[in-house]
Amino acid sequence: KDGTPITGATSSSYSIASVSESDAGQYDVVVTAGVCVSSLTSTAATLTVNTLPAITSQPSSATVCPGQGATFSVVATGTSLTYQWRKKGAAISGATSSTYTISSVTASHAGNYTVVVSGACTPAVTSAVATLSVPVPLSIGSQPRALTLCAGSKAMFTVAVSGTSPAYQWRKNGTAIAGATSATYTINSVVAADAGNYDVVVTNTCGSVTSVAVALVVPAPASITSDPTDQTVCEGQFASFSVAGAGAGVTYQWRRNGKALADGRGVTGARKATMTLLAGAGMDGDIDVVLRGTCGASATSEAARLTVNTKPKITVEPVAKTVCQGA
C-alpha cells in the first residue's frame, strides 16, 4: 500500500474485510520467482473510501417574533452529502442545503423542524428536532377604568390582554409600582396619597403595549378652614355668619343652639357658606354649621355667639294732670 509491503498479503488476491478511512490509498502487487524475469509489479489500483454521513452539530430551537427571520443550520461529515429539511415530518420544497432560512416568520411557520442528511454511503441520518416558536403579539382587549373612591375603600384596576406569555408592570404617574406584576392591581384600603393616574405596561418576547392611563380620585373629606365669628345686632337687624370650608362635594347646614335652620322666617342661606337671619328679641344663642362631603364624613365649626340687643320700649305712658300752684 502506497509502496509499502503489507504483512501477510502474499497471494494473488488481497482482501480487506471491513474498510475504514485509513485503508484508502494506492495498492499494487509485486510478483516474484518467475522463470523469465525475477519480478513484476502491477499498476497501482486506487482504493477510495467513502465516509458515512454523520451529524456533528445539531440544529437549535428558536423563538422568533412575526416578521423576523429564522435560520436552522446543521454541520455534518461524510462523502457527497445532500440535505432535505422537513417540517413536522414533511419535506420542505427547495430546502436542500445545510442551512434553512425563513426570511419573514409568520404564525404558520411554528412547528418542529428536522433535516435528513444523505451521502454516498447509507444509511442517511436525521437530525434532532429543532422547534420554531412564534409568539403571538400583545393586544389589549379591555382597558382599566377610572375610579372615584372614598378613603378606606378597595380599589381594583384590571386589564385584559391577548398574546403569548404577557408580563405586567403597573405604574402610578409613570413610575413602576413594586410588586404590581399581575393583570389586576389592588389597593385594599385607599388613602388620599393613592390618588393619581394608573396604567400598566405589558411585555413579552415580541415587545410591549401600554394601557391608557386612568385616574384614581380620592375625594377630600370636609374640613373647616375659618370659623364663623360672634355677632351683636339690635333687634330687627340682620346678622350674617360665614364659614370657609374645604373638601369634595361639601354641603352646609347652619344651626342655632344645635337645631337645624331652614330658609324662610327671616333666614336665608341656611345650606350655604354664608347664612343671614333677622334678629328678634330673645334670639340670643350659639350659631354653628355642619359641613358634609362626598364621602359622608362631617366637620362642625366652632360656635359663634349671637347677641341681640333689645330696643327700648315705653311700657307706661305719662298721664295729663291739672294741679294748683305750689302743689
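A nonpolar surface patch of about 330 Å² is formed by Val29, Val31, Val37 and Leu40. Patches here are built from residues with over 30% relative accessible area and no salt bridge, joining like charges within 9 Å and nonpolar side chains (Val, Leu, Ile, Met, Phe, Trp, Tyr) within 5 Å. A salt bridge is a side-chain nitrogen of Lys or Arg within 4 Å of a carboxyl oxygen of Asp or Glu. Accessible areas come from the Shrake-Rupley method with a 1.4 Å probe, and for residues only the protein chains shown count as cover.

Before going on, a word about the model: it is predicted, so local features need pLDDT of at least 70 and side-chain atom pairs count only at pLDDT 80 or more, while totals for chains, interfaces and linings use all residues. Residues are numbered from 1 along each chain as its sequence is written, and side-chain values use heavy atoms, with hydrogens and water left out.

Valine 37 sits in the loop between strand E2 (30-32) and strand E3 (39-41). Helices (H or I, at least four residues) and strands (E, at least two) are DSSP runs, numbered from the N terminus. With 43% relative accessibility, valine 37 counts as partly exposed; buried means under 20% relative accessible area, exposed over 50%, and partly exposed in between (1.4 Å probe, protein chains only).

**The disulfides**

How many disulfides does the structure hold? There are 2, where a disulfide is a pair of cysteine sulfur atoms within 2.5 Å. The table sets them out.

| Disulfide | S to S distance | S-S torsion |
|---|---|---|
| Cysteine 65 to cysteine 206 | 2.0 Å | about -105° |
| Cysteine 150 to cysteine 295 | 2.0 Å | about -95° |

The torsion of about -105° makes the bond of cysteine 65 and cysteine 206 left-handed. This pair links distant parts of the chain, 141 residues apart: cysteine 65 is in the loop between strand E6 (62-63) and strand E7 (70-73), and cysteine 206 is in the loop between E22 and strand E23 (207-210). Are its two ends buried or partly exposed? Cysteine 65 is buried at 7% relative accessibility, whereas cysteine 206 is partly exposed at 28%.

The disulfide of cysteine 150 and cysteine 295 is left-handed, with its torsion of about -95°. Cysteine 150 lies in the loop between strand E16 (147-148) and E17, and cysteine 295 in the loop between strand E33 (285-292) and strand E34 (298-300), so the pair ties together parts that are 145 residues apart in sequence. Cysteine 150 is partly exposed at 25% relative accessibility, and cysteine 295 is partly exposed at 33%. Numbering the bonded cysteines in sequence order gives the pairing 1-3, 2-4. Elsewhere, cysteine 324 is exposed, with a relative accessible area of 62%.

**Aromatic contacts**

The structure holds 9 aromatic pairs. Rings of Phe, Tyr and Trp (its six-membered ring) pair if their centres lie within 6.5 Å; planes under 30 degrees apart count as stacked, over 60 as edge-to-face and the rest as tilted. One of these pairs is phenylalanine 157 with tyrosine 198, which is stacked at 4.9 Å centre to centre and 20° between the planes. Phenylalanine 157 belongs to strand E17 (residues 155-158) and tyrosine 198 to strand E22 (residues 196-204), so the pair ties together parts that are 41 residues apart in sequence. Phenylalanine 157 is buried at 0% relative accessible area, and tyrosine 198 is buried at 1%. Phe72, Trp85, Tyr100 and Tyr113 form one aromatic cluster.

**Strands and their neighbours**

E11 is joined to E7 by 4 bridges, and the two run antiparallel; strands pair if DSSP finds at least two bridges between them. Alanine 70 stands opposite isoleucine 102 in E11. Threonine 96 lies in the loop between strand E10 (90-91) and strand E11 (99-102), and is partly exposed at 46% relative accessibility.

An open sheet of 3 strands runs in the order E27-E32-E31, with antiparallel pairing. Strand E27 (238-242) and strand E31 (267-268) stand at the edges with a single partner strand each, so one side of each is left without a neighbour in the sheet. E31 and strand E32 (residues 274-278) pair over 2 bridges, and valine 267 stands opposite leucine 277 in E32.
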